[in-house]
Amino acid sequence: MEEKRSFQLKKTDWAIIGVLLVLAVGSWLFYRISYQPPKEQNLAVIMVDGKEWMQLNLLEEADRTFSLKESCGIPVSFQIKDHKIRFIEVDCPDHICENAGFLSMEGQTAVCMPNRVSLSIYGDEG
């Protein structure tokens with residue numbers, strides 16, 4: 001005849017479960033209190049051949065499209081919309097820079113290697 005075994009938790013088992021639960025809840029609360037999502041920044045810097053070509057304060061710029069073709073002969077265009085900026089209409093084989101989409105967070109960068117143009121987002125000027 002088989003003997004039925006009952007499963008019971010000991011006091012130490014309950015203590016371990018309690019400590020793990022407190023650690024999990026504490027970690028979650030610490031994350032929720034201390035986490036700050038990245039903020040949209042306002043300074044877009046366009047560099048050509050490693051030299052700063054243009055700074056744009058995205059908070060002050062109207063929605064528009066502009067090209068570097070007229071100013072420096074490089075077939076690269078940008079779009080500013082809703083305080084964000086992106087590469088559009090580049091003359092290169094892969095269009096990787098266009099796939100980066102709109103940039104608006106500090107630290108974001110997109111580069112068009114064939115045209116030697118980069119776009120980076122920084123905090124405000126002040």
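# Paired strands in a predicted chain

Phe-66 stands opposite Phe-78 in strand 4. This is a predicted model, in which local features need pLDDT of at least 70 and side-chain atom pairs count only at pLDDT 80 or more, while totals for chains, interfaces and linings use all residues. Residues are numbered from 1 along each chain as its sequence is written, and side-chain values use heavy atoms, with hydrogens and water left out.

The chain holds three helices and seven strands. Helices (H or I, at least four residues) and strands (E, at least two) are DSSP runs, numbered from the N terminus. In sequence order the pattern reads α-β-β-β-α-β-β-α-β-β. The radius of gyration is 26 Å, well over the 14 Å that the globule rule gives for 126 residues, so the chain is more spread out than a compact globule. That radius is taken over C-alpha atoms, and the globule rule is 2.2 Å times the number of residues to the power 0.38. The C-alpha trace spans about 90 × 40 × 25 Å along its principal axes.

Of the 126 residues, 28% are buried. Buried means under 20% relative accessible area, exposed means over 50%, and partly exposed lies in between (1.4 Å probe, protein chains only). The accessible surface of the chain is about 9400 Å², and carbon and sulfur atoms contribute 56% of that surface. These areas come from the Shrake-Rupley method with a 1.4 Å probe; for residues, only the protein chains shown count as cover. Among contacts with a separation of 6 or more, 36% are between residues 24 or more positions apart; contact means heavy atoms within 4.5 Å.

Strand 3 (residues 64–67) runs antiparallel to strand 4, and four bridges join the two. Two strands pair if DSSP finds at least two bridges between them. Strand 5 (residues 84–88) is also antiparallel to strand 4, with five bridges between them. Phe-78, which stands opposite Phe-66, has Phe-87 as its bridge partner in strand 5.

Thr-65 also belongs to strand 3. Apart from neighbours within four places in sequence, Thr-65 is in contact with Phe-78, Gln-79 and Ile-88. Thr-65 and Asn-42 are 23 residues apart in sequence, and their C-alpha atoms are 17 Å apart in space.

Strands 4 and 5 form a hairpin with two residues between them, and Asp-82 in this turn has a positive phi of about 50°. His-83 lies in the loop between strand 4 and strand 5, and its phi is near 65°, a positive value in a residue other than glycine. Most residues other than glycine have a negative phi. His-83 counts as partly exposed, at 32% relative accessibility.

Strand 1 (residues 43–48) has five of its six residues buried, so it is largely enclosed by the rest of the structure. Six bridges pair strand 1 with strand 2 (residues 51–57) in the antiparallel sense, and Val-45 stands opposite Gln-55 in strand 2. The hairpin of these strands has two residues between them, and Asp-49 takes a positive phi near 55° there. Strand 1 also pairs with strand 7, in the antiparallel sense over six bridges. In that pairing, Ile-46 has Leu-119 of strand 7 as its bridge partner.

Strand 7 pairs with strand 6 as well, antiparallel and over four bridges. Val-111 has Ser-118 as its bridge partner in strand 7.

The hairpin of strands 6 and 7 has four residues between the strands. Arg-116 lies in this loop and has a positive phi of about 60° although it is not a glycine. Arg-116 is partly exposed, with a relative accessible area of 48%. Asn-115 is found in the loop between strand 6 (109–112) and strand 7 (117–122), but is buried at a relative accessible area of 8%. Leaving aside neighbours within four places in sequence, Asn-115 is in contact with Ile-74, Pro-75, Val-76, Asp-91 and Cys-92.
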